[in-house]
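Biologist: Before we discuss particular regions, please show the model and its sequence.

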Amino acid sequence: MTAIGQPAGGGAPAVGGAHGRPEGAAPARTVPSAALPDDTVAAVVRQWRAVHPDLDTGPMEIIGRINRCSALLQQAEDAPLRRAGLSRPEFDLLGALRRTGHELTPSELARETFSSGAAVTKRLKQLTERGLVDRRGDTRDRRVAHVRLTDAGRDLVDGILPEQLAYERAVLSGLDTGGHDSLAALLGELLGRLEGRLGMPRG
């Protein structure tokens, strides 16, 4: 599997990976190295082709670039979060409350953010101490809590989100606008297949 991630030291994302060809599969593609775009994944692909010319690196050229783009985009979009003293998982919780527009229980927040219950509980404690969320007990079941954004939490989300969207628009502005819908559709199809395979909820 191609692996492109962020090293523990916080430096530039690392790139690496390998893809084998199952027995009976079609022969590996033979695309000249010169035809590859000039990016870090292309360099990795050329290196793997040199040491394993029998491997089909086609999947790496797609998945590797998705992973690399994700790492670089998140690195840039986390900058306003760091300035606000937030981690991305904390902002995801605030964002879930803002976009749904109503109170959520910790269990619902865990499903919305694909997090564990224990992680959500810890983050909610920190956000509550900062005055960004309020928690109230359920009148019928004391074991259940309801979480809502405070005015400060809503203002924080509404201040950060436009900055992130402006960055994303700037990134996409360099691409052919006619391809935006096609790219979104292809990525949506891939995400749907992955979520279906992993049994993850959609919508």
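Biologist: In helix α4 (residues 88-100), how far apart are the end C-alpha atoms, and what span should its residues give?
Modeller: Helices are DSSP runs of H or I of at least four residues and strands are runs of E of at least two, numbered from the N terminus. The expected span is 1.5 Å times one less than the number of residues. For the 13 residues of α4 the span should therefore be 18 Å, and the end C-alpha atoms agree with this, being 18 Å apart.

Biologist: On what conventions does this rest?
Modeller: The model is predicted, so local features need pLDDT of at least 70 and side-chain atom pairs count only at pLDDT 80 or more, whereas totals for chains, interfaces and linings use all residues. Residues are numbered from 1 along each chain as its sequence is written, and side-chain values use heavy atoms, with hydrogens and water left out.

Biologist: Which residues of α4 are buried, and what covers them?
Modeller: Buried means under 20% relative accessible area, exposed over 50%, and partly exposed in between (1.4 Å probe, protein chains only). The buried residues of α4 are Glu90, Phe91, Leu93, Leu94, Gly95, Ala96 and Leu97. Their cover includes α3 (79-83), α5 (106-113), α6 (117-129), β3 (133-137), β4 (145-149) and α7.

Biologist: Is Thr150 buried or exposed, and which residues does it contact beyond its neighbours within four places in sequence?
Modeller: Thr150 sits in the loop between β4 and α7. Because its relative accessibility is 10%, Thr150 counts as buried. A polar atom of its side chain lies 3.1 Å from the backbone nitrogen of Gly153. With contact meaning heavy atoms within 4.5 Å, and neighbours within four places left aside, Thr150 touches Gly131, Leu132, Val133 and Asp134.

Biologist: What is the relative accessible area of Leu187?
Modeller: Leu187 belongs to helix α8. Leu187 is partly exposed because its relative accessible area is 40%.

Technical notes:
Polar contact = N/O pair within 3.5 Å; in protein donor to acceptor, adjacent residues only side chain to side chain.
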